[in-house]
Amino acid sequence: MNDEKEVAQKLEEALRRYGADYGFVVTDKSVRKLIDGSAYATVEVKDCTPKKLAEAFMEVGKVIEQSDDGMECVAVVGAGVANMNIALVVTKMGKDKVEFAATANEGLIKQNTAKHAIDRVEKRLLLVSPREVRVAAISNW
């Protein structure tokens, strides 16, 4: 839980720093609303390097900022219908895991853009979440 709060804090900092450049309204109220509606995921990963993570982001979006050691990354990823809605994604790599936090503006029709942005990056990392494995197993029966 402490890791999720740390990643959420980094997402808020990135939103305040880069949000206006990508169409987000950056006021205290709007940032709080975006953070409350953000998506989080922790993915168990083996053999994931900072280079591989950056390459995955570059395939589906744009890396805005990366720490000197490459363990933390801020990027924008297109998601939603036709990948036209921008999501701000923050990652933090651990020993055998990658933590994601993402947020995006949602209109009248909710597209779960932040969740889909995380899913797009996961797929580029060739990761399969347990939820997807279960769905695939059930649909094959």
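This is a predicted model: local features need pLDDT of at least 70, side-chain atom pairs count only at pLDDT 80 or more; totals for chains, interfaces and linings use all residues.
Me: Where is V60 placed, and which residues does V60 touch?

Reply: Elements first: helices (H or I, at least four residues) and strands (E, at least two) are DSSP runs, numbered from the N terminus. V60 sits in helix α3. A contact means heavy atoms within 4.5 Å. Leaving aside residues up to four places away in sequence, V60 touches V77, G78, R120, V121 and R124. With G78, the C-alpha to C-alpha distance is 6.9 Å, across 18 residues of sequence.

Me: Which other residues of α3 are buried?

Reply: In α3 (residues 50-60), L53, A54, A56 and F57 are buried along with V60.

Me: What do the buried residues of α3 pack against?

Reply: Their partners are β2 (61-66), β3 (72-79), β4 (85-93), β5 and α4.

Me: How should I read the pairing of those strands? How many bridges join β2 to β3?

Reply: The general idea is that two strands pair if DSSP finds at least two bridges between them. β2 and β3 run antiparallel and are joined by 5 bridges, with Q66 opposite C73 in β3. The two strands form a hairpin with 5 residues between them, and G70 in the turn has a positive phi of about 80°. S67 is in that loop between β2 and β3; it is partly exposed, at a relative accessible area of 24%.

Me: And how many bridges join β3 to β4?

Reply: There are 8 bridges, again with an antiparallel run; V76 stands opposite L88 in β4. This hairpin also has 5 residues between the strands, and G80 takes a positive phi near 80°. In the loop between β3 and β4 you'll find A82 too, which has a positive phi of about 55° although it is not a glycine. A82 is exposed, with 62% relative accessible area.

Me: In what sense do β4 and β5 pair?

Reply: They pair in the antiparallel sense over 7 bridges, and A101 in β5 is the bridge partner of V90. The hairpin of β4 and β5 has 3 residues between the strands. As for burial, 8 of the 9 residues of β4 are buried, so β4 is largely enclosed by the rest of the structure.

Me: Now the pockets. What volume does the largest pocket have?

Reply: On a 1 Å grid over the protein atoms alone, a pocket is an open set of points with protein on both sides within 12 Å along at least five of seven lines, whereas a cavity is a set where a 1.4 Å probe fits but cannot get out; lining residues have an atom within 4 Å of a point. Grid points are joined across faces, edges and corners, and the volume is the space filled by probe spheres set on the points. The largest pocket here comes to about 310 Å³. It is lined by 16 residues, and L34, G37, A104, N105 and E106 are the closest to its centre. At least two lining residues come from each of α2 (28-36), β5 (97-104) and α4 (113-124).

Me: How does that lining divide by residue class?

Reply: Ala, Val, Leu, Ile, Met, Phe, Trp, Tyr, Cys and Pro count as nonpolar, Asp, Glu, Lys and Arg as charged, and the others, Gly among them, as polar. The lining of the largest pocket divides into 5 nonpolar, 7 polar and 4 charged residues.

Me: Finally, in what order do the elements of the chain run?

Reply: From the N terminus on, read α-α-β-α-β-β-β-β-α-α, which gives 5 helices and 5 strands. Buried residues make up 40% of the 141 in the chain.

Definitions and conventions. Residues are numbered from 1 along each chain as its sequence is written. Side-chain values use heavy atoms; hydrogens and water are left out. Buried means under 20% relative accessible area, exposed over 50%, partly exposed in between (1.4 Å probe, protein chains only).
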